[in-house]
Structures are given as structure tokens and as C-alpha cells.
Amino acid sequence: STSEPIRLEDRIRDIQDFPQKGVLFKDITPMLQDGPYFRAAIERLAAHYAGADIQAVVGVESRGFIFGAPLAYLLNCGFVPVRKFGKLPAETINIEYALEYGTNIVEVHKDAIKPGQRVLIVDDLLATGGTVEAAIELVEKLGGHIAGVAFLVELSFLKGREHLKDHDVFALIKY
Ligand code: PRP
Ligand code: HPA
């Protein structure tokens, strides 16, 4: 029997009014549960950055960790967590940002990024862009070079890309 090519969007479902009324939430958990789909997503991201000389992958807690860690593994580079406030034990810098639903503070270890290091920022989803904009600012404060910004899903209608306009933004799926 022949197998159909994997269409990642077949494993993303819509949840109305989560986490609050008026938000149409794209739920990626069906894709994470399906081994060949999850693997295809990671492999497609890795293929896009093969030869890009990525020296560190930065993932944003918590869903950015799910994609960032296996991607760093395939790209043979280190993984740097950007975490919610109060979770990292050593010296940090932090930044507050606006979310589609609320505000948040994220931080990173001061010694996690070296000046001039080529960094790929990874998250599951681009909505307003606030989260990844904060991660970019943290990396740039430490002297890192943003070599790319990668997502599984981009919600194009929220225009998050406009917040990231100086940077090379890539998404596997766009709505
Ligand atoms: C979600 C998502 C992105 C961000 C996208 O994370 O995983 O990080 O929001 O929104 P934005 O582009 O408007 O900033 P959330 O803060 O809900 O945390 P989680 O990953 O821990 O679920
Ligand atoms: N889906 C999943 N995660 C999100 C969304 C969404 O619509 N908006 C902000 N984070």
C-alpha cells in the first residue's frame, strides 16, 4: 500500500474560547501524540536550518521546549531555555511582555549566550509575537546574533511577524 505524505495541519485542532472567550486556540497536542507527525515536524524544521551554522537553539517555556530540544539535538548544538520568572537558579536578565491573553516575565541565564553566537529561536506558535520578541531582546542583550526564528504554527491574522520584521521568520504551518 502507498502512504500519503504527512500533512501536519491534519493533527492540529481548533478549540473555541480557550483560554478565554474570543480566542480560537490552535491545539498542537494531537500532533505531539502521533509519532510520525511529531517526527516529521522536527525533521522539517531541522532540514530548513541545515547548513545555517546554528550554534544554539533558544526555546521559550513551555511549549518552545518541546520543539527546541529535539531540534537542537538534530542540529548538534546546545539548547538554552528562556524560562518564566523565578525558575532559573543562576544570574539572569529578564523582560516583561504582553501576551494575547495577559502579561508575563521571562528570563535567561546571563552566561547562556556568548557574544556573536548564532542563535535560532524556536517556539510552537506565533500569535501576537510578544513572547518571541521578548526572547529576541534577551538574546540580543547578551550579544547573540539571531540567525532565525522558527515556529510550528503562525497565526498570520494576528500579524506577529510585523513585530519580528528585522528577522528571518519561518513557520511550517500558517493560518
Ligand atoms: C503561548 C505559545 C507561545 C505564545 C504565543 O505560550 O506557546 O509561546 O503563547 O503568543 P504570542 O505570539 O502572542 O506571544 P504561553 O505563554 O501560553 O505558555 P505555555 O507555552 O507555557 O503554554
Ligand atoms: N493557540 C495556541 N497557543 C497560543 C495561541 C493559540 O491560538 N495564542 C497564543 N498562544
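Which residues lie nearest the centre of the largest pocket? In this predicted model, they are Arg63, Leu99, Tyr101, Leu125 and Thr131, which belong to a lining of 29 residues. The points below take up that pocket, and then turn to the nonpolar cores.

**The largest pocket**

- The volume of the largest pocket comes to about 500 Å³.
- Two or more residues of its lining are given by each of several elements, namely strand S2 (24–27), helix H3 (63–75), strand S5 (92–99), strand S7 (118–126) and helix H4 (130–141).
- Strand S7 gives the most to this lining, with 4 residues.
- When the lining of the largest pocket is sorted by class, there are 14 nonpolar residues, 8 polar residues and 7 charged residues.

**The nonpolar cores**

- The largest nonpolar core has 29 residues, and those that touch the most other members are Leu8, Ile54, Val57, Leu75, Leu120, Leu152 and Val153.
- At least two residues of this core come from each of helix H2 (35–49), helix H3, strand S7, strand S8 (145–154) and strand S9 (169–174), while helix H2 supplies the largest share, 7 residues.
- Another core, which lies apart from the largest one, has 27 residues, including Val80, Ile95, Ile121 and Leu142.

**A closer look at Ile54**

- Once its neighbours within four places in sequence are left aside, Ile54 is in contact with Tyr49, Leu75, Cys77, Arg118, Leu120 and Ala147.
- Ile54 is also listed, together with Leu75 and Leu120, among the residues that touch the most other members of the largest nonpolar core.

Terms used:
Residues numbered from 1 in each chain as written. Chains lettered and ligands numbered in written order. Predicted model: local features only at pLDDT ≥ 70, side-chain atom pairs only at ≥ 80, totals over all residues. Heavy atoms only, no water. 1 Å grid on protein atoms, 1.4 Å probe; cavity = no way out; pocket = protein on both sides within 12 Å on 5 of 7 lines; lining within 4 Å. Points joined across faces, edges and corners; volume = space filled by probe spheres on them. Nonpolar A, V, L, I, M, F, W, Y, C, P; charged D, E, K, R; others polar. Core = buried A, V, L, I, M, F, W, Y, C linked by side-chain atoms within 4.5 Å. Buried < 20%, exposed > 50% of the residue type's maximum accessible area, 1.4 Å probe, protein only. Contact = heavy atoms within 4.5 Å.
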